[in-house]
Every structure is written in C-alpha cells, then in structure tokens.
Amino acid sequence: AKDPPRYSSRSNSSSRLASSSSSSSTLAASRLAARRGAGSAAAAVRYSRFDAEVSAMQRDSSTYCDEPEDLQDYQSWRADTFSMEKMQPEINKLLTGNAFMAELQSRIVPLLVEQEDFWARYFYRLHKLQQKEDQRQQLTARVKQQSEEDLGGWDDDPQSPRHNQQQQRQQQIKQVPDQSSKQQQQQQHEVTKPSSSGS
C-alpha cells in the first residue's frame with residue numbers, strides 16, 4: 001500500500017485560509033452596503049419634505065394657469081433665465097416620468113394656457129421651492145454649528161491642540177472667581193486693619 005500524500009494538511013490549511021478570506025471580504029462588502037444604505041436613507045429623509053412640496057406644486061392647477069404673485073420677480077427671472085430650448089430635455093424627462101403632468105399638459109395646452117407659459121410658470125415655482133429648501137438647509141447648518149459651539153465640543157484626546165485650548169479655557173474660567181475672592185479678602189482686611197493713629 002502506498003503512503004498517503006504528505007501535503008494534505010497543507011492543502012486543508014490553504015482551504016481554510018481561502019474560506020476565511022472569502023468570509024472577511026463578504027463581511028466587508030456587507031458593511032459597505034449597509035453604510036451606503038444608511039446614507040441613502042438619510043438622504044431620503046433629508047429631501048422628503050422638499051419632494052412633497054414639489055409634488056404638491058405639480059398637482060396644483062394654479063401652478064400652470066395663474067401668474068405668480070411676485071410678478072415682477074417672475075418676469076425678471078423668465079427674461080434672464082428661462083428658455084424653452086434649453087429646458088426641453090428636462091421637459092421631456094418630466095413628461096416621460098410624470099403621467100399626471102403629461103396628461104395635464106395635453107388637457108390645458110393650448111386650450112387654457114400657452115405651452116411656454118405652462119412651463120415657465122412651473123419652472124419658476126420649482127426655482128422658488130429650491131431657494132426655500134436651500135435657505136432651510138443653511139439655517140439648519142447654522143443652528144447645528146451654534147449648538148456645537150455652545151456645548152464646547154469637548155475633545156478627550158490630550159494630544160490634540162483643541163484639547164489644550166479647552167483646558168486653558170477651563171483654567172481661565174476657574175481663575176476668575178479666585179481673583180475676585182482675593183480682592184474681597186484684601187478689601188475686608190483693609191477695613192478691619194487697625195488704624196496706626198489713636199490712643
């Protein structure tokens with residue numbers, strides 16, 4: 001009988017190593033996918049309010065049939081910004097992906113409103129909603145930054161410059177009452193000090 005091959009244990013070790021490496025790669029890929037999913041969920045939450053406002057605006061017939069209230073700003077924006085030729089790719093995309101707007105356009109254009117007016121009013125109101133959303137995000141960022149500054153954002157790393165600055169700030173705060181106490185004690189001592197003149 002022939003002796004069994006001596007490299008069988010090495011082969012088993014290589015198989016276990018390959019299996020472990022494959023498991024690690026799978027776990028890393030799963031974690032990366034989870035992080036991407038969490039980022040997508042956060043983005044969805046962040047923009048859900050804006051999307052709801054846009055959807056409501058799209059379904060409001062006054063968006064297309066009525067002149068905007070801020071007529072002067074609308075006319076200025078339309079003259080400087082809006083162009084049917086430039087916006088045509090976006091219009092085609094909207095009509096393909098939004099059945100409501102496609103049907104609405106077929107019903108009221110040109111019966112109630114001209115095509116260029118229809119889209120100019122729509123994109124102007126979309127522009128105003130985007131401005132409102134940008135202002136909302138800027139305000140949220142300022143409030144968050146102010147909150148972090150108020151809390152101090154304490155850094156526990158003793159090697160970091162920020163930690164040293166925080167320590168110095170805390171020492172300065174502690175020294176303020178000590179100095180005032182010394183001044184009070186000195187004033188009390190001067191009041192109670194016996195006068196050199198007398199009997």
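## Exercises on a helical chain

The structure contains ten aromatic pairs, a pair being two rings of Phe, Tyr or Trp (its six-membered ring) whose centres lie within 6.5 Å, called stacked if the planes are under 30 degrees apart, edge-to-face if over 60 and tilted otherwise. This is a predicted model, in which local features need pLDDT of at least 70 and side-chain atom pairs count only at pLDDT 80 or more, while totals for chains, interfaces and linings use all residues. Residues are numbered from 1 along each chain as its sequence is written, and side-chain values use heavy atoms, with hydrogens and water left out.

### Exercise 1

Describe the secondary structure of the protein chain and state what share of its residues is buried.

*Solution.* Step 1: The protein chain has seven helices and zero strands, where helices (H or I, at least four residues) and strands (E, at least two) are DSSP runs numbered from the N terminus. Step 2: Followed along the sequence, the pattern is therefore α-α-α-α-α-α-α. Step 3: Of the 199 residues in the protein chain, 18% are buried; buried means under 20% relative accessible area, exposed over 50% and partly exposed in between (1.4 Å probe, protein chains only).

### Exercise 2

Classify the pair formed by tyrosine 122 and phenylalanine 123, and locate phenylalanine 123.

*Solution.* Step 1: The pair belongs to a structure with ten aromatic pairs. Step 2: The ring centres of tyrosine 122 and phenylalanine 123 are 5.0 Å apart and the planes stand at 75°, so the pair is edge-to-face. Step 3: Both tyrosine 122 and phenylalanine 123 are buried. Step 4: Phenylalanine 123 is part of helix 6, and its relative accessibility of 7% is why it counts as buried. Step 5: The C-alpha atom of phenylalanine 123 is separated by 9.1 Å from that of methionine 87, although these residues are 36 apart along the chain. Step 6: One aromatic cluster holds Tyr122 and Phe123 together with Tyr64, Tyr74, Trp77, Phe82, Phe118, Trp119 and Tyr124.

### Exercise 3

### Exercise 4

*Solution.* Step 1: The whole structure has nine salt bridges, each a side-chain nitrogen of Lys or Arg within 4 Å of a carboxyl oxygen of Asp or Glu. Step 2: Glutamate 53 and lysine 132 form one of them, at 3.7 Å from N to O. Glutamate 53 counts as buried at 18% relative accessibility, and lysine 132 as partly exposed at 42%.

Step 1: Glutamate 67 and arginine 121 form another, with their closest N and O atoms 3.4 Å apart. Glutamate 67 is partly exposed at 43% relative accessibility, whereas arginine 121 is buried at 8%.

Step 2: Aspartate 70 meets lysine 128 in a salt bridge of 3.9 Å, N to O. Aspartate 70, at 31% relative accessibility, is partly exposed, and lysine 128 is partly exposed at 30%. Step 5: Through shared partners, salt bridges join Glu53, Lys132, Glu133 and Arg136 into one network.

### Exercise 5

Find the peptide bond between valine 109 and proline 110 and state whether it is cis or trans.

*Solution.* Step 1: Proline 110 is in the loop between helix 5 and helix 6. Step 2: The bond joining valine 109 and proline 110 is cis, with omega about 0°. Step 3: For comparison, most peptide bonds are trans.
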